[in-house]
Amino acid sequence: MRFGVLGPLDVRTADGAAVRVPERKVRALLAALLAHRGRAVSAERLAADLWGGAGPGNPTRALHAKVSQLRRALAGAEPGGRGLVESRVPGWLLRAAATDADRFAELVERARGAADPAARSALLGDALGLWRGPAFAGFAELALVRAEVTRLEELRLVALEDLAEARLELGGHAELVPELAEAVRRHPLRERLRAAHLRALHRSGRRAEALAGYEELRRRLAEELGADPGPELVALHRAVLAQDPGPARPADNLPSPLTPLVGRDAEVARVRGLLGAHRLVTLTGPGGVGKTRLAVASARRLLDAFPDGVWLVELAAPGSPPELPELVAAVLGVRDDGAPGLGDVVARLVGAVRDKRLLLVLDNCEHVVARVVALLAALLPAAPGLHVLATSREPLAMAGEVRRPVPPLDPDAAVELFLARVAAAAPDAVVDLPAARAVCARLDGIPLALELAATRVPVLGLAALPAALDDRFRVLAGGYRDAPPRQRTLRAVLDWSWELLDDRAREVLRRLAVHAEGCDLAAAERVCGGDDVLGVLAGLVDRSLVLVAAPGGRYRLAESVAAYCLERLEEAGELDEVRTRHARHYADLAEEAAPHLRGPGQREWLDRLDAESANLRTALDHVVRRGLGAVATRLVDALAWYWVLRGRLGEARRRLEAVHTVARTPATVAWHTGVTVLMGDGADRDERVAEVLASCDGPHTCWLLGHALYAVGDVPAGEPLVDRALAGFTATGDRWGTAAALGDRAFQWLLRGDLDASARDGERSAALFGELGDTWGQLRVVGILASIDEARGDYAAAAGRLRAALHQAERLRLWSHAADLTGELGRVALLTGDHERARELHERSRDLARRHGYPIGEAHAEMGLALGARRTGDLDGAERHLLAVLDRHRHAGLVGANALPLAELGFVAELRGDRQRALALHQEGYRAALTSGDPRATALALEGLACARAADEPELAATLLGTADAARRSRGAPLPPAERGDVDRATTALVEVLGGDFARHFARGAALTPRQAFRLRPRARR
């Protein structure tokens, strides 16, 4: 029987069935006995804990009654359950029984013995995942339980600290920051926990927050304990002051090996050496020889050589090969939201890796050799820091490639591997070294063949295995004598393993092969059919035919096994039927996920869909190929919002277009149009939007199209659609839709300069999204509300909003949001005069945007760097950044966004003394401001013209300043003190020249509209 104490008390039988323990007093008795497992607790202490001072007249008799109730509950659940509770002087004890606390302690102990931080992190994550709430929840107040609760909670905190340090070694500092912040809030005086938090902040570039956190701890220790921080924290504080982030492990997505790599140390060293000297290395060899294991092991040893990470892209998906650039972009987190066409995705990848030093591991390239060559031909010349390690059964045959054939294991290594697998399969087997050597020679030293053969030792015994192989190979060798020798060997082993399975195991194994990059148990059960799949899988795992990462993890087939099983599936005439079953399962999964992507389950379901990306692509390929229109439209309709959230608009567009070759619905047409608009494709845009609205004019369609138009800067076209959507959502009580439409309306008001209306709708939107638990929605509104705070001069409020939002964006891996929010924090730092911090944040924002293929984010960051450069006197640097911004805007067609960079270029020209160029730039900026509809942008252009005219036309300059000031104040957004530098500079100069007449000209300007003021010309000089 199993007992759960890491949360509410939970009792289960050995097969997992819940056991009901009635009445709170009986459960309290069980909790007290569990806290003292194996030790007797006196009747007096038990009675005192159960009833306190208001106990029954005869507490001993009452206690006996509760013990009897507990025994009956346990006895009714499982034979022998009654005997778990024993009478033992001076009271009662619970015999040793399994608890989740035991499992927790075991995993933590294993983690402490793991040298690899990835393995340590996985074990600790599993351990902490056992906690369902506070230990002994509901009974922690019992005196007999309190000490055990304290012990367990301390172990939990230590495990959390261990996990944080392991993740810091793996480079996960950014994602750790928000998680540790909450733990530090609950335990503010734990120095080790605080050290991990400060280190995560510092390595994430948040130096000021790290220093503030140290100061808060120092103060609290002094006030509450009369102590100082320990030496580790003092050293960390010095490192932060010195801006030394310490060692941080680069990021990677390499799988953690379940078993050690045997006999490949020399090969790993060779591969590492080749990658140190060459930029493209291909490991070649037949299936089963161990190319993937060697590549992953070599890549893991190279992490320190590639500060921008090591990334594995698996290409062994069944069915039609996917778009390779799309796969690589997804692994690297690069957005795919540009114009349609393969070249654009490649261009974004080039931009993302151009300045990076990273290693890309492309596994199983033989499926898509031509596509690999085409992609690498674009990436490698453009990115000198990019290195590629490929595995393939055939060379890529491209310039610069260094080929390394992967040999079979040498005889000694083969025996070592084989005996290690025998020990795992049959721990009590008698080691017969000559038999082992004979087996390894017979199997040509092929690792996969050796592992499969080892699973037969429990049945045949090691001594009998060589003869069994000889007999089997003579029978099976005839069908493929033309294959290379080692391929014949592996095929023979696979045939042998197959024939030893019963019919049901063969059925499950061949059906598993349709999955791409593995599957979870639910998918295996659905696709393989039947209630016995878990048991069958366990047997296949034991035979090394199915791999599983951990109990309850993903099941997958080695590439050679998968290819073999697909052949068997086709021979059985089941391929089409099973692929269709696979597609229906993933359509169901996508539809189950869709509502959760708009609520509190966003992170969990985004991660789940990320893990199933290959299966979802495979399912879509199949249903389009087979013309299964109903399933195809279900899939794309359910996945469209996921693609938008992940920035994979190019994938969304391509998939929708493919599905429309076999079927279309009003919803899929609406999504296709919305995605096309979001990608900035203006061809026939208005006609397509009108066509969609004519056939499907519900509030969701109106909002989708209006939101897309807003996103590309066409607020006038999107405004009526968003208003219609808001009315529809309000009428139907759709809270998510209402929140989304209000957020767009808030953006509309902000562009118009109406801060009060923007704040009203923005706060309502944020509150609704908060109630719904939709983090994406809250992030959308944060930038708007922070802009309002900035416009009103409340920089502390803006920074607080942005920091909290940044934590959430990093947690959900919404990297474009994270780039924007980081840049906004840089702007706040700039406005508060912290120029160094502003530069750091804007550079980090630019790097993040570039890494994830987000060119508009890069432009925003460049703009921030330009503002900082000019304010510190670096006019050349400011001009360089501003020209880069204009170039990006021109490519993206964002003419209205040019108002600010043109104004800044005008100020640069004016400060250089080039008055005519300054005037021309500010006039161009004014015209750009009119297209944006933002009155603050027109006011800025007028202020720029005033600065340019101040020296030669002071009366007109003072008039322009008056018009700009009135335009800002009319919208409730007067220029904050931190942004008055240029205006104050011009005002000071004009007052010196005009004296008391300045106020008169200023007041004259306040009575004019911006258009009237712009048309004014200087009076002719006499």
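This is a predicted model: local features need pLDDT of at least 70, side-chain atom pairs count only at pLDDT 80 or more; totals for chains, interfaces and linings use all residues.
I took helices (H or I, at least four residues) and strands (E, at least two) as DSSP runs, numbered from the N terminus. On that basis the chain comes to 49 helices and 13 strands.

Residues are numbered from 1 along each chain as its sequence is written, and side-chain values use heavy atoms, with hydrogens and water left out.

**Overall shape**

Along the principal axes, the C-alpha atoms fill a box of roughly 115 × 90 × 60 Å.

I counted a residue as buried under 20% relative accessible area, exposed over 50% and partly exposed in between (1.4 Å probe, protein chains only). Of the 1022 residues, 54% are buried. The accessible surface (Shrake-Rupley, 1.4 Å probe; for residues, only the protein chains shown count as cover) is about 42,300 Å², and carbon and sulfur atoms hold 53% of that.

Contact here means heavy atoms within 4.5 Å. Among contacts with a separation of 6 or more, 69% join residues 24 or more positions apart.

For charge I counted Lys and Arg as positive and Asp and Glu as negative, leaving out His and the chain ends, and placed each charge at NZ of Lys, CZ of Arg, CG of Asp or CD of Glu. That gives 136 positive and 137 negative side chains, with the centres of the two sets 1 Å apart.

**Aromatic pairs**

Rings of Phe, Tyr and Trp (its six-membered ring) pair if their centres lie within 6.5 Å; planes under 30 degrees apart are stacked, over 60 edge-to-face, the rest tilted. I find 13 such pairs in the structure. One of them is tyrosine 926 with phenylalanine 1014, stacked at 4.0 Å centre to centre with 10° between the planes. This pair links distant parts of the chain, 88 residues apart: tyrosine 926 sits in helix α44 (residues 915–932) and phenylalanine 1014 in helix α49 (residues 1010–1015). Both residues are buried.

Next I checked phenylalanine 998 and phenylalanine 1002, a tilted pair at 5.7 Å and 35°. They are separated by about one helical turn, because they lie 4 residues apart in helix α48 (residues 997–1006). Phenylalanine 998 has 11% relative accessibility, so it counts as buried, whereas phenylalanine 1002, at 25%, counts as partly exposed.

I also noted a cluster linked by ring pairs: Trp641, Trp671, Trp703, Trp736, Phe769 and Trp776.

Arginine 685 lies in helix α32 (residues 685–695). Its relative accessibility is 16%, so I log it as buried. Beyond four places in sequence, arginine 685 touches Val677, Leu709, Asp714 and Ala717.

Serine 816 is in helix α39 (residues 815–831) and is buried as well, at 14% relative accessibility. Apart from neighbours within four places, serine 816 contacts Arg335 and Tyr854.

Last, helix α18 (residues 447–454): I find 7 of its 8 residues buried. Those are Pro447, Leu448, Ala449, Leu450, Leu452, Ala453 and Ala454.
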